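User: I am new to this structure and would like to learn how to read its features one at a time. Please take me through them.

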Amino acid sequence: MNGLLRLLQDGRFHSGRELGLALGVSRSAVWKHLQRIQSETGLPLYRVPGRGYRLAEPLSLFEHAKLEPRLKQYGWSLNLYDTIDSTNAEALRLLPDKDGEPFIVVAEAQTSGRGRRGRTWISPFGQNLYCSFALKVGGGTKQLAGMSLVVGLAVMQTLRRLGVEAGLKWPNDVYVDGRKIAGILLELTGDPADLCHVVIGVGVNVNMVSAEGIDQLWTSIKEQVGMVDRNELLLALTETLKQYLERHFDEGFSALRAEWEASHIWQGRNCTLSTGSSEYSGVVIGVDLQGGLRMTLDGCEHSFSGGELSLRLDP
Ligand code: ATP
């Protein structure tokens, strides 16, 4: 499927004859392939008599040959898919075969992309970055404390280097001007007090300009600064993540806490924290050394942590 999509990814018209010659198939085979691509990926495709076929928007598809050697230099092996249920789910399934070696799962589309608390991450084909980094972590909770916030810093810095004015929202969302551009979901297996595996899931809206089913404000890199090569983005993210994780493992979250707080979009703001059963309103004053949220409530400081917590800015 991707051979034909690769020919079309420039977003220009290509005649059925040209596509057929390039792939060594008949024009009617090209047409059948295109129909399959359209139904499997949901990508809008135009067919204009006399001119041929073109995609509604250009694409930047992942290229295994380009990615694999460079990711290896950073210490990660690559597992690339067209469509997968969830890159985190696949990483968790692959863990037993990988013998503790770090690896990345990347997909062009996710059918059940995961958010926190069973929420869905909308993941259309070929437009965004959906990836999961799997690694072995020793040293227990000390090493894990604040780790998901550190991943947020790496994603944010990768975006800022592209000119996107990204900031962080506790615990691990990345926003631009009140719109969500990326989400992070860490999942653990093993013994969090000793040796465990961490799967770091990252979803970044890259070249997406329209989407159905996202029930909050969102944006993408393309909307902010124009289209980018997703291969280069993945490589840049991997390099930045490696630097941040090394620092985190060497020095702990304390070395990165001030940078995180300086990037928090709601630092010093009045917010409400929802725990599912209760709500707390107060001022966000920062994060603690475990990555928990620090707020002042009625003049007293409190720290909150846990996967069920959700922070909202007060009107
Ligand atoms: P919280 O603010 O408490 O972290 P959240 O609503 O941001 O919660 P997450 O689990 O972090 O929840 O992310 C899932 C939510 O993100 C979805 O419920 C949806 O509102 C939104 N969402 C889903 N797909 C995308 C996407 N591609 N881009 C931006 N936002 C998305």
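User: How many bridges join E3 to E4, and do the two strands run parallel or antiparallel?

Analyst: This is a predicted model, so what follows is read from predicted coordinates. E3 and E4 run parallel and are joined by 7 bridges.

User: What is the order of the strands in the open sheet of 7 strands?

Analyst: The order is E3-E4-E5-E9-E8-E7-E6, and the pairing is mixed. E3 and strand E6 (167-169) are the edges: each has a single partner strand, so one side of each lacks a neighbour in the sheet. From one strand to the next, the twist averages 20°.

User: Which strands does helix H7 lie across, and which does helix H9 lie across?

Analyst: Helix H7 (residues 147-160) lies across E5, E6, strand E7 (173-176), E8 and E9. Its direction makes an angle of about 145° with E8. Helix H9 (residues 230-251) lies across E4, E5 and E9, and runs at about 30° to E5.

User: How far apart are the end C-alpha atoms of helix H5, and what span should its 12 residues have?

Analyst: Helix H5 covers residues 87-98, and at 1.5 Å a residue its 12 residues should span 16 Å. The end C-alpha atoms are 15 Å apart, which agrees with that expectation.

User: Which residues of H5 are buried, and what covers them?

Analyst: An α-helix has 3.6 residues a turn, so residues three or four places apart point the same way. In H5 the buried residues are Thr87, Asn88, Ala89, Glu90, Ala91, Leu94 and Leu95. Their cover includes strand E3 (77-84), strand E4 (103-110), strand E5 (129-137), strand E8 (179-190) and strand E9 (196-204).

User: What caps the N-terminal end of H5, and what follows the helix?

Analyst: The cap at the N-terminal end is Ser86, with a side-chain oxygen 3.2 Å from the backbone nitrogen of Asn88. After H5 comes Asp99, which has a positive phi, near 55°.

User: Now a hairpin. How many residues lie between E1 and E2?

Analyst: The hairpin of E1 and E2 has 3 residues between the strands, and Gly50 in the turn has a positive phi of about 85°. Strand E1 (residues 45-48) and E2 run antiparallel, joined by 4 bridges. In one of these pairs, Arg47 has Tyr53 of E2 as its bridge partner.

User: Is Gly52 buried or exposed?

Analyst: The way to tell is the relative accessible area, where under 20% means buried. Gly52 has a value of 10%, so Gly52 is buried. Gly52 belongs to strand E2 (residues 52-55).

User: Which residues does Gly52 touch, beyond those up to four places away in sequence?

Analyst: Gly52 touches Phe13, His14, Ser15, Tyr46 and Arg47. Of the residues named, Phe13 shows how a fold can bring together parts of the chain: Phe13 and Gly52 are 39 residues apart along the chain, yet their C-alpha atoms are separated by 5.7 Å.

User: What is the order of the open sheet of 5 strands, and which are its edge strands?

Analyst: The 5 strands are ordered E13-E12-E11-E10-E14, with antiparallel pairing. Strand E13 (300-304) and strand E14 (310-313) are the edge strands, each pairing on one side only. The twist averages 45° from one strand to the next. Strand E12 (residues 293-297) and E13 run antiparallel and are joined by 5 bridges. Among the paired residues, Met295 has His302 of E13 as its bridge partner.

User: Is Thr272 buried or exposed, and what polar contact joins its side chain to another?

Analyst: Thr272 lies in strand E10 (residues 270-274). Its relative accessibility is 13%, so Thr272 counts as buried. The side chains of Thr272 and Asp314 are joined by a polar contact of 2.6 Å. Leaving aside neighbours within four places in sequence, Thr272 is in contact with Glu279, Tyr280, Ser281, Ser310, Leu311, Arg312 and Asp314.

User: How many residues surround the ligand, and which are the closest?

Analyst: The ligand is surrounded by 18 residues, and the closest are Arg116, Lys169, Lys180, Asp215 and Ser310. A polar backbone atom of Arg116 is 2.5 Å from an oxygen atom of the ligand. For Ser310, a polar side-chain atom lies 2.5 Å from a ligand oxygen atom. Gln216 has a polar side-chain atom 2.9 Å from an oxygen atom of the ligand.

Key:
Residues are numbered from 1 along each chain as its sequence is written. This is a predicted model: local features need pLDDT of at least 70, side-chain atom pairs count only at pLDDT 80 or more; totals for chains, interfaces and linings use all residues. Side-chain values use heavy atoms; hydrogens and water are left out. The expected span of a helix is 1.5 Å times one less than its number of residues. Buried means under 20% relative accessible area, exposed over 50%, partly exposed in between (1.4 Å probe, protein chains only). Contact means heavy atoms within 4.5 Å. A polar contact is a pair of N or O atoms within 3.5 Å; within protein, one must be able to donate a hydrogen and the other to accept it, and residues adjacent in sequence count only if both atoms are side-chain atoms. Two strands pair if DSSP finds at least two bridges between them. Axes are lines fitted to C-alpha atoms, for helices over the stretch in contact, and angles run from 0 to 180 degrees between N-to-C directions. A residue is near a molecule or strand if one of its heavy atoms lies within 4 Å of it.
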